[in-house]
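I set out to go through this chain entry by entry, beginning with the model as a whole and ending with single residues and pairs.

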Amino acid sequence: MENKKEKLLIQFNEAFANGNHQFMLDQVTEDFHWIMIGKKEIKGKTQFAEALKDMKELSSELELVDVITHGKKACVNGNMKIVAPKAEDQSFSFCDVYEFNSFKDPKIKRMTSYVVER
């Protein structure tokens, strides 16, 4: 049975794959920090919203392998295929490590993404 944080992370990842950016924005704190190892960092909800706009044209296939939560920390790993209208399809595996702001009504405060092309 999924706990509240597992359900949130499944929905968050599905929203990413389906382009439901408003749902994603509703799940993060104002001081949200997204670290994409080896790529870039996004600091703040406003920067996150701008980054999501750049991803509007993408459609994705998502496979979640593991969703693990413990206290204020969580991890999701899986596979994704991105189909861009004017570019070659990309397949990759990912592991995202999350930190929540609280236990009771959790929002995502920090996300660290490790991505490997397949």
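The entries below record what I looked up.

**Entry 1: ground rules.** I am working with a predicted model, in which local features need pLDDT of at least 70 and side-chain atom pairs count only at pLDDT 80 or more, while totals for chains, interfaces and linings use all residues. Residues are numbered from 1 along each chain as its sequence is written, and side-chain values use heavy atoms, with hydrogens and water left out.

**Entry 2: confidence.** I looked up pLDDT, the predictor's confidence in each residue on a scale from 0 to 100. The chain averages 92, and 96% of the residues score at least 70.

**Entry 3: fold and dimensions.** I found three helices and six strands in the chain, taken as DSSP runs numbered from the N terminus (helices are H or I with at least four residues, strands E with at least two). Their order along the sequence is α-α-β-β-α-β-β-β-β. The C-alpha trace spans about 45 × 30 × 25 Å along its principal axes.

**Entry 4: surface and contacts.** I read an accessible surface of about 7,400 Å² for the chain, with 49% of it belonging to carbon and sulfur atoms; the areas come from the Shrake-Rupley method with a 1.4 Å probe, and for residues only the protein chains shown count as cover. Of the 118 residues, 38% count as buried, where buried means under 20% relative accessible area, exposed means over 50%, and partly exposed is in between (1.4 Å probe, protein chains only). For contacts (heavy atoms within 4.5 Å), I noted that residues 24 or more positions apart account for 46% of those with a separation of 6 or more.

**Entry 5: salt bridges.** How many salt bridges does the structure hold? I found five, a salt bridge being a side-chain nitrogen of Lys or Arg within 4 Å of a carboxyl oxygen of Asp or Glu. One of them pairs Glu 99 with Lys 73, with the closest N and O atoms 3.8 Å apart. This pair links distant parts of the chain, since Glu 99 is in strand S5 and Lys 73 in strand S4 (residues 73-83), 26 residues apart. Glu 99 also forms a salt bridge with Arg 110, at 3.3 Å between the closest N and O atoms. Arg 110 lies in strand S6 (residues 108-117) and Glu 99 in strand S5, so this pair ties together parts 11 residues apart in sequence. Through shared partners, salt bridges join Lys 73, Glu 99 and Arg 110 into one network. Lys 73 is partly exposed at 43% relative accessible area, and Arg 110 is partly exposed at 33%. I also looked up Asp 89 and Lys 81, whose side chains meet in a salt bridge at 4.0 Å, N to O; Asp 89 is partly exposed at 37%, and Lys 81 is partly exposed at 29%.

**Entry 6: a nonpolar patch.** Which residues form a nonpolar patch on the surface? I found Ile 37, Val 97 and Tyr 114, with about 260 Å² of accessible area together. Patches are made of residues with over 30% relative accessible area and no salt bridge, like charges being joined within 9 Å and nonpolar side chains (Val, Leu, Ile, Met, Phe, Trp, Tyr) within 5 Å. Val 97 sits in strand S5 (residues 90-100) and counts as partly exposed at 34% relative accessibility.

**Entry 7: single residues.** Val 65 is in strand S3, is partly exposed at 45%, and touches Asn 77, Gly 78 and Asn 79, not counting residues up to four places away in sequence.
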